[in-house]
Amino acid sequence: MDDYDEPITDEVFRECPKFRVLLLGKTGAGKTSLIKRAFNVNNIQESNLEPGVCNISDEIVSEENSHFIAHDSQGFEPGESKNFEIVKAFIAQRQAQPALKDQLHAIWHCIPVPHAGGRIFETGDENFHKFMVSIRIPVIVVFTQYDRLYNQIALKTDRAQVAEMNDAQIEQFLDNKTKEMFKGFVKDLREINPKLRCTPVSNVDRYCETYSEVISMTSNLVRDHVAKTAWYAAAVSQRADVDLKIEASIELGMKRYWRKLSTSNHFDGMTLRFCFEQIQREVIDVWNFNDVDKILTSNGFMAMILRLVYDLSTPSPSNAVLGSSQELDKIKDVLDALTGNPVAESTPPDPVKIGLLNWLSGVYQKKTLSPSTLCTLMGFIVDLTMTLERLFWNAFRKGVHSLTMHEVQTAYGEYYRSDERARVHQEIRNYAASRGHKPKGPDDAEIEVKRLIGTYRLVESRQPQWDVVSSNLEEREADCWANCRII
Ligand SMILES: Nc1nc2c(ncn2[C@@H]2O[C@H](COP(=O)(O)OP(=O)(O)OP(=O)(O)O)[C@@H](O)[C@H]2O)c(=O)[nH]1
Ligand SMILES: [Mg+2]
């Protein structure tokens, strides 16, 4: 296997396999809860020290997600500088590491939302943020337990003020007051350092989007101030921000296998099955589900996605529809046979299986690429992404820590039956047909794939970041401020 055959994710993970983050905050601030939610893990291996005591050098990891390392440290008590010195020394030691994977990629400073009128930062916190101004590691102030602010405000609100309101109106009223109060905290912090980034989190269900905001803000800063490879590690490790998964999957795909999809040197001379496998492997790597049973890399899952795209393999969709679940078994049998797993032969030979075998054994030839081969490759990327996006919501967002076939089949079934699938396939056919009329047209199939994902995915991307890359860091920083989302 030459270099080109290596999935791009292997290359990226060699340089930076894990996102490394330091969490600062007093005992009970919510650091462990933040780690668990951001990386969607249930169990983490913490140090064996007593509760509230931690050694900043210890690497906190989880078997459920191998792509992050967290370090835990207490906050800064008033009138006590020992921990500040420990944190400073640790940051300096990590900054001196030559390899990106050993450096710190971000710091989350966890502060429980203060009581109204309460002090936000102690002197030690202020000193820490002044010190960090000269250090090129992104720091985000994470206001934890945001729900408690809402509850405090609810308790203090004069009943007469809400007497005329129904429940929904009261909730809206309290939400607004909470946001106002939070904006006040942010304003106070900006007086200490106008570039401080801050965002709230809460582990109460109605605030679950807050975790994706921490991740989104962190990953933007990591991309701009640390390194692109660390950004990939952040995107892969996190399990809160679906936009970032899709964005990273597209960016990595574009680096090698999706690139010049209709005239690919990487695929030239390879079987179609090889092409599908390479694409699948990279995309699954980026989504980083906790897939203990290896469902997503199994022939069974590959068969599901191939069933989705099979109608694109012929000029007329009706000639190649694999509707029944028996046909799903046939695809799996063919894949098993191709990957060396023994399969009982059917007599007489099954024409559907023969057709599938021929299709998957067909060779990608860039000079004579047929529209249907291009269509199936495009469809494979889009359909796989759409299925995984649904899986994200069915798994991570429902607190499922280890994938089961149930979530996979539910996500797959939702996309299989969706209108989006039919529309995506029609658009792919239209694209291939229009391309056929201009044989020397630009090789832009991967751009069309990206467009289709953006258009038909479940949730529209919050920011049109994929195409807008400002080279001006000051401008990006200003954007970060503008995006400092106050929920
Ligand atoms: N209401 C509410 N409680 C929370 C939230 N996040 C964490 N908690 C609770 O706060 C307590 C402390 O949370 P941890 O995540 O263990 O705090 P920690 O910073 O890791 O604490 P140490 O390990 O002692 O340093 C736990 O009982 C959590 O359930 C939140 O968003 N809202
Ligand atoms: Mg903890």
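Strand β3, spanning residues 65–73, is mostly covered, with eight of its nine residues buried. The structure described here is a predicted model. Two strands pair with β3. Strand β1 (residues 19–24) runs parallel to β3 and is joined to it by six bridges; within this pairing, Val21 stands opposite Ala70 of β3. Strand β2 (residues 60–62) is antiparallel to β3, and two bridges join these strands. Here Ser62 is placed opposite Asn65 of β3. The β2 and β3 strands form a hairpin, with two residues between them.

Ligand 1 is surrounded by 17 residues, of which Thr27, Gly30, Lys31, Thr32 and Ser33 are the closest. Two elements, α2 (31–38) and α5, each give two or more residues to this shell. The largest share, three residues, is contributed by α2. By class, the shell around ligand 1 comprises eleven polar, three nonpolar and three charged residues.

Helix α5 also takes part in a helix–helix contact. The axes of α5 (residues 146–156) and α7 (residues 167–192) come within 9 Å and cross at roughly 115°. The crossing of α5 and α7 is right-handed. On the α5 side the contact is made by Leu149, Tyr150, Ile153 and Ala154, and on the α7 side by Leu174, Lys177, Thr178, Met181 and Phe182. By class, seven nonpolar residues, one polar residue and one charged residue make up the contact of α5 with α7.

Technical notes:
Residues are numbered from 1 along each chain as its sequence is written. Chains are lettered from A and ligands numbered from 1 in the order in which they are written. This is a predicted model: local features need pLDDT of at least 70, side-chain atom pairs count only at pLDDT 80 or more; totals for chains, interfaces and linings use all residues. Axes are lines fitted to C-alpha atoms, for helices over the stretch in contact, and angles run from 0 to 180 degrees between N-to-C directions. Helices (H or I, at least four residues) and strands (E, at least two) are DSSP runs, numbered from the N terminus. A crossing is left-handed if the near helix is turned anticlockwise from the far one by less than a right angle, and right-handed if clockwise. Two residues are in contact if their C-beta atoms, placed from the backbone, lie within 7 Å. Ala, Val, Leu, Ile, Met, Phe, Trp, Tyr, Cys and Pro count as nonpolar, Asp, Glu, Lys and Arg as charged, and the others, Gly among them, as polar. A residue is near a molecule or strand if its C-beta atom, placed from the backbone, lies within 6 Å of it. A residue is buried if 20 or more other C-beta atoms lie within 10 Å of its own, exposed if 12 or fewer, and partly exposed in between; C-beta atoms are placed from the backbone. Two strands pair if DSSP finds at least two bridges between them.
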